[in-house]
Amino acid sequence: SKREIKMRKLDSTKVRPLKSEQLLHIEDHDFALRPGFGGSPIPVGIDVQVESIDSISEVDMDFTMTLYLRHYWKDERLSFRSNKNKSMTFDGRLIKKIWVPDVFFVHSKRSFIHDTTVENIMLRVYPDGNVLFSLRITVSAMCFMDFSRFPLDTQNCSLELESYAYNEDDLMLYWKHGNKSLSTDEHISLSQFFIEEFSASSGLAFYSSTGWYNRLFINFALRRHIFFFVLQSYFPAMLMVMLSWVSFWIDRRAVPARVSLGITTVLTMSTIMTGVSASMPQVSYIKAVDVYLWISFLFVFLSVIEYAAVNYLTTIEERKQLKKRGKASGMYSMDAVQAMAFDGCYHDTDEDMDLSPFPEPCEENETRASQTNISNADTPRLKRKRSLKGNVGRIILQNNHVIDTYSRVIFPSIYIVFNFFYWGLYI
């Protein structure tokens, strides 16, 4: 009646529908129900454009991706008559008043819709009821990584989409354009990885309490850059191993030089291994880089053990020689090599080598000789210097133990074979 119509106009609690809502007849339908409720499942097409892969975290085993997610479906309740407009476009304010698919990201940790300067949501409705719903989303999702070949590995990750409430009896998710439904920006690049491929696939997921659900997969393969790890881990480890071999060419009686070189290389290898482990998750299996670093550490450690064996065998050999020579007037008769082991000085005359069981320092001997025979002090020194310069090479060769001689060949040969085997296996 006219009175009821007048009261409706005067009622201030009633919010007058927007012109777009009147055109779409939103108030005439219950949009809490899906389109075609009670009938066959509604098909919802999906296509995705990947804008960027922001980060890959080995420690957290996840990745962060920014993408445009677009949904396509038909809702005849939103159809309208129009001779001028081929479609109507709306922002996010209309989303709360109509039915939209409840697609979510499986195994996601964090996700959000961009809202600068407004929410990045677009809704486009066509006269026949077809709907396009687009979102710009950043999502962080799990990626189950295998580090057994790290850093020579290739990781396969996937972003999975699925309806949260509607199983396959109510909603059917599918890729709108097949394999072409997934597109990527041409300028996508990562600091540590090459992006080898992007692909789209689909499948089913079963939950014991709710049934079967359609699931879509965005698959991508990442191959790690090796050059960074060569510079930071492999190359320093190689240098430390080769540096440890220098001790094989040092006089076996130069104990401080060989011991300090061995300890330095061992500590440096420990630092390299600690640095690599600190940036990796604590996995329960051995990684490829662990194999290389531990083998390199073993070579460095064995070079220290090698000198310990050389020093021990040299001491035993000298004791046997001293016992064979015996004692002569309470003094040992030794050659220049054995004399160096006791007083640290080179002796080039038989008189210098006849030392008492408790030899005095060579400087004191020289001082005593100079005091007794001042006129002839310079002549023995000049002879000693000339003899030392001429016989340094001979002395070093004589002081090399047979273990050092073999080690110069065996250690590099085995390490080269190991490198060929390692790089051939993992590359």
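Pro151 is found in the loop between strand 7 (130–142) and strand 8 (154–163), where strands are DSSP runs of E of at least two residues and helices are runs of H or I of at least four, numbered from the N terminus. The peptide bond that leads from Phe150 into Pro151 is cis, with omega near 0°. This is a predicted model, in which local features need pLDDT of at least 70 and side-chain atom pairs count only at pLDDT 80 or more, while totals for chains, interfaces and linings use all residues. Residues are numbered from 1 along each chain as its sequence is written, and side-chain values use heavy atoms, with hydrogens and water left out.

Two further loops deserve a look. Thr116 and Thr117 are joined by a cis peptide bond with omega of about 0°, and Thr117 sits in the loop between strand 5 (108–113) and strand 6 (121–125). In the loop between strand 1 (42–57) and strand 2 (62–74) lies Met61, a residue other than glycine with a positive phi near 55°. Most residues other than glycine have a negative phi, and most peptide bonds are trans.

We now turn to the helices. An unreviewed UniProt entry places the feature "transmembrane region" at residues 226–247, 259–279, 291–310 and 409–426; UniProt positions follow the numbering used here, feature names are shortened, and annotations may be inferred rather than shown by experiment. Residues 226–247 are 82% helix and 0% strand, and residues 291–310 are 100% helix and 0% strand.

Helix 3 (residues 227–244) packs against helix 4 (residues 255–278) at an angle of about 165°, with the axes 9 Å apart. Axes are lines fitted to C-alpha atoms, for helices over the stretch in contact, and angles run from 0 to 180 degrees between N-to-C directions. Helix 3 is therefore roughly antiparallel to helix 4, since angles over 145 degrees count as roughly antiparallel, those under 35 as roughly parallel, 65 to 115 as roughly perpendicular and the rest as oblique.

Helix 3 also packs with helix 5, at an angle of about 15° and with the axes 9 Å apart, so these two helices are roughly parallel. Contact (heavy atoms within 4.5 Å) involves residues including Ser233, Tyr234 and Ala237 of helix 3 and Tyr292, Leu293 and Phe299 of helix 5.

Helix 5 (residues 288–325) has 38 residues and reaches 56 Å from its first C-alpha to its last, close to the 56 Å expected at 1.5 Å a residue; the expected span is 1.5 Å times one less than the number of residues. Just after helix 5, Gly326 takes a positive phi of about 75°.
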